Amino acid sequence: IPQISYASTAPELSDPGRYEYFSRVVPPDSYQAQAMVDVVRALGWSYVSTLASEGNYGESGVEAFVQSSREAGGLCIAQSIKIPREPRPGEFAKVIGRLMETSTARGVVLFANEDDIRRVLEAAALANLSGHFSWVGSDSWGAKMAPVQGLEAAARGAITILPKRASVPGFDEYFTSRSLENNRRNLWFHEFWEDDFNCRL
């Protein structure tokens, strides 16, 4: 079944041997990782830590970052920390404690989900370390406010990566003008209509 994804960024989906019928309109995380290496090098950092949410997104992203940094050279990874899927109480305080073990690596590259990012920032604020770390965040953070709301001091100066976005002129008008009368070629539109308007046709 051919599939086109607007948000699946896992690098392994680029393998045409395994995912012959898969395509996407967003770049894989390997591009994002390379951009993060470029940002870190442009800032003149040579010693950073990485922080990943356990799972495909976080671990693959950090792996791609480490690989790109090796290829680029001149960048040492102080430590790579993984946040468990189901963190125990106090887990994020431990993460901040571990980051402080190599406190000269003040740059931290984050490939983590929104909730984990928020809890890392909370733990940094509670440890009175707002402003100590310089964060480079992936697209899960991107331009979102939720991870930093109320934690602006802990997040101050963070650089986040986000794939380039563009609006297609006229698309919103076209999309919102679709109805049962003018959209007969879409076989699933009636299902969407029933669900959206809570009705039976």
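This is a short talk on the predicted model shown above.

Some ground rules. Residues are numbered from 1 along each chain as its sequence is written, and side-chain values use heavy atoms, with hydrogens and water left out. Because this is a predicted model, local features need pLDDT of at least 70 and side-chain atom pairs count only at pLDDT 80 or more, while totals for chains, interfaces and linings use all residues.

Let me start with the overall layout. The protein chain has 201 residues, and 38% of them are buried. Buried here means under 20% relative accessible area; exposed is over 50%, and partly exposed is in between, with a 1.4 Å probe and protein chains only. The C-alpha trace spans about 65 × 40 × 35 Å along its principal axes.

Next, secondary structure. There are 7 helices and 7 strands. Those are DSSP runs numbered from the N terminus: helices are H or I with at least four residues, strands are E with at least two. From the N terminus on, the order is β-β-α-β-α-β-α-β-α-β-α-β-α-α.

Now the domains. Domain 1 covers 29–160 and domain 2 covers 168–200. These bounds come from an automatic or database domain assignment. The two centres, taken over C-alpha atoms, are 41 Å apart.

There is also a record to mention. An unreviewed UniProt entry lists residues 1–184 as "domain: Receptor ligand binding region". UniProt positions are in the numbering used here, feature names are shortened, and annotations may be inferred rather than shown by experiment. Over residues 1–184 the chain is 35% helix and 17% strand. The end C-alpha atoms of that stretch are 22 Å apart.

On to the inside. What does the largest nonpolar core look like? It holds 23 residues, and Leu51, Ile96, Leu99, Leu121, Trp135 and Trp141 touch the most other members. A nonpolar core is a set of buried Ala, Val, Leu, Ile, Met, Phe, Trp, Tyr and Cys residues joined through side-chain atoms within 4.5 Å. At least two residues come from each of E4, helix H3 (91–101), strand E5 (107–111), helix H4 (114–126) and helix H5 (152–155). H4 gives the most, with 5 residues. A second, separate core has 15 residues, including Ala52, Leu75, Phe111 and Val136. As background, nonpolar side chains tend to be buried together in soluble globular proteins.

Take Leu99, in helix H3. It counts as buried because its relative accessible area is 1%. Not counting residues up to four places away in sequence, Leu99 touches Ser49, Gln79, Ile81, Val108, Phe133 and Trp135. Contact means heavy atoms within 4.5 Å.

That list leads us to Gln79, in strand E4 (residues 76–83). Buried or exposed? Gln79 is buried, because its relative accessible area is 11%. Its side chain makes a polar contact with the side chain of Thr102, at 3.0 Å. A polar contact is a pair of N or O atoms within 3.5 Å; within protein, one must be able to donate a hydrogen and the other to accept it, and residues adjacent in sequence count only if both atoms are side-chain atoms. Gln79 and Glu101 sit 22 residues apart in sequence, and 9.4 Å apart in space, C-alpha to C-alpha.

Last, the cysteines. How many disulfides? The count is 0, where a disulfide is a pair of cysteine sulfur atoms within 2.5 Å. Cys76 is partly exposed, at 46% relative accessibility. Cys199 is also partly exposed, at 27%.
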